[in-house]
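Subject: Structure handover

Hi,

Here is the structure I promised you. Please open it before you read on.

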Number of protein chains: 2
Amino acid sequence: MKNEKTVMLHGIECCEEQEIHTDKVRQVSDLMPPEDQLYDLAELFKAFGDTTRIRILFALFEADICVCDLAELLHMTQSAVSHQLRLLKQARLVNGRREGKQIIYYLADDHVRTIIEKGMEHILE
Amino acid sequence: MKNEKTVMLHGIECCEEQEIHTDKVRQVSDLMPPEDQLYDLAELFKAFGDTTRIRILFALFEADICVCDLAELLHMTQSAVSHQLRLLKQARLVNGRREGKQIIYYLADDHVRTIIEKGMEHILE
DNA sequence: CAAACATATGAGCATTTATTCACATGTTCG
DNA sequence: CGAACATGTGAATAAATGCTCATATGTTTG
């Protein structure tokens with residue numbers, strides 16, 4: 001029952017020998033963006049893919065806020081918030097400026113708003 | 001050195017007793033979307049937050065494709081692709097229609113394109 | 001109906017990830 | 001300078017995630 005199943009590895013011999021599909025696969029394959037762009041894109045969306053970080057971003061839609069106020073707002077540890085802010089900063093979604101003892105975080109650019117807006121449109125459909 | 005640090009829990013007493021910040025926190029808090037929307041939004045972006053799924057979506061930008069061609073295109077197991085398609089379907093990013101023995105997947109709507117485009121803009125900046 | 005094909009799915013495993021805890025770094029002010 | 005405050009960070013841990021393997025479901029065809 002699994003003698004010639006080895007042929008199925010990676011689907012290379014699948015879909016019979018329909019040349020049509022093989023052509024199609026090659027065509028689509030040629031149109032795919034370079035690997036590193038796909039990777040960066042996935043990393044970007046990963047940054048949006050967590051409730052805590054989404055909440056941070058929504059907060060920053062309304063005002064520039066320091067870490068400790070964010071912690072209070074989200075009912076979370078200052079440490080937890082700080083860790084997440086680091087990820088958001090790495091994804092270039094937020095920046096921080098020092099104001100005395102505090103560091104005030106703010107949205108890096110308008111892409112953040114746009115992307116979240118489009119996402120919101122989709123879930124509210 | 002950590003006697004009165006208990007006050008710091010959840011940052012409730014942080015930032016001294018600056019009423020300004022407490023007010024700000026309350027104002028921003030009132031403007032936050034409901035919890036379930038924040039959750040759904042994070043779930044949506046989670047669906048975009050994986051290289052395999054991003055690659056599937058880019059492939060579907062170019063053509064409607066069956067599972068086994070996707071597997072070949074991505075050099076991945078049919079099973080792995082199928083698992084990811086399930087997640088994409090749950091996020092309502094793709095749909096599948098049956099055509100004979102095969103199931104052809106296609107993009108659910110134009111939000112998918114828009115969201116990825118905006119993401120691409122951000123990483124190419 | 002039985003065999004072949006295309007896809008879906010559950011369990012297991014390795015990796016990633018979000019939070020906590022303890023502590024380091026950096027700033028202000030007496 | 002030293003104490004107090006605000007934030008950053010490394011290690012540890014529990015939970016989530018992506019893939020594989022085996023197998024189930026569903027479709028066509030002889």
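Below are the notes on the DNA contacts, then on the helix packing.

This is a predicted model: local features need pLDDT of at least 70, side-chain atom pairs count only at pLDDT 80 or more, and totals for chains, interfaces and linings use all residues. Residues are numbered from 1 along each chain as its sequence is written, chains are lettered from A and ligands numbered from 1 in the order in which they are written, and side-chain values use heavy atoms, with hydrogens and water left out.

**DNA strand C**

A residue is near a strand or molecule if one of its heavy atoms lies within 4 Å of it. Of the atoms of DNA strand C that come within 4 Å of the protein, 66% belong to sugar and phosphate.

Now the polar contacts. Such a contact is a pair of N or O atoms within 3.5 Å; within protein, one must be able to donate a hydrogen and the other to accept it, and residues adjacent in sequence count only if both atoms are side-chain atoms. A polar side-chain atom of Tyr105(B) is 2.4 Å from a phosphate oxygen of DNA strand C. Ile103(B) uses a polar backbone atom, 3.3 Å from a phosphate oxygen.

Which elements give two or more residues to this surface? In chain A they are helix H3 (51-62) and helix H5 (78-90); in chain B they are helix H4 (67-74), helix H5 (78-90) and strand E3 (102-107). Helices (H or I, at least four residues) and strands (E, at least two) are DSSP runs, numbered from the N terminus. The surface near DNA strand C has nine nonpolar, eleven polar and eight charged residues. Here Ala, Val, Leu, Ile, Met, Phe, Trp, Tyr, Cys and Pro count as nonpolar, Asp, Glu, Lys and Arg as charged, and the others, Gly among them, as polar.

**DNA strand D**

Sugar and phosphate make up 68% of the DNA strand D atoms within 4 Å of the protein.

Gln84(B) has a polar side-chain atom 2.4 Å from a phosphate oxygen of DNA strand D. For the side chain of Tyr105(A), an N or O atom is 2.5 Å from a phosphate oxygen. Gln78(A) reaches a base nitrogen instead, with a side-chain N or O atom at 3.1 Å.

**Helix packing in chain B**

The axes of H4(B) and H5(B) come within 9 Å and cross at roughly 110 degrees. Axes are lines fitted to C-alpha atoms, for helices over the stretch in contact, and angles run from 0 to 180 degrees between N-to-C directions. The two helices, H4(B) and H5(B), are therefore roughly perpendicular (65 to 115 degrees; under 35 is roughly parallel, over 145 roughly antiparallel, the rest oblique).

Val67(B), Leu70(B) and Ala71(B) of H4(B) meet Gln78(B), Val81(B) and Leu85(B) of H5(B). Contact means heavy atoms within 4.5 Å. By class, these residues are five nonpolar, one polar and no charged.

H3(B) and helix H6 (residues 110-124) of chain B pack at about 115 degrees, with axes 11 Å apart. Ile54(B), Leu57(B), Phe58(B) and Phe61(B) meet Val112(B), Arg113(B), Ile116(B) and Met120(B) there.

Best wishes
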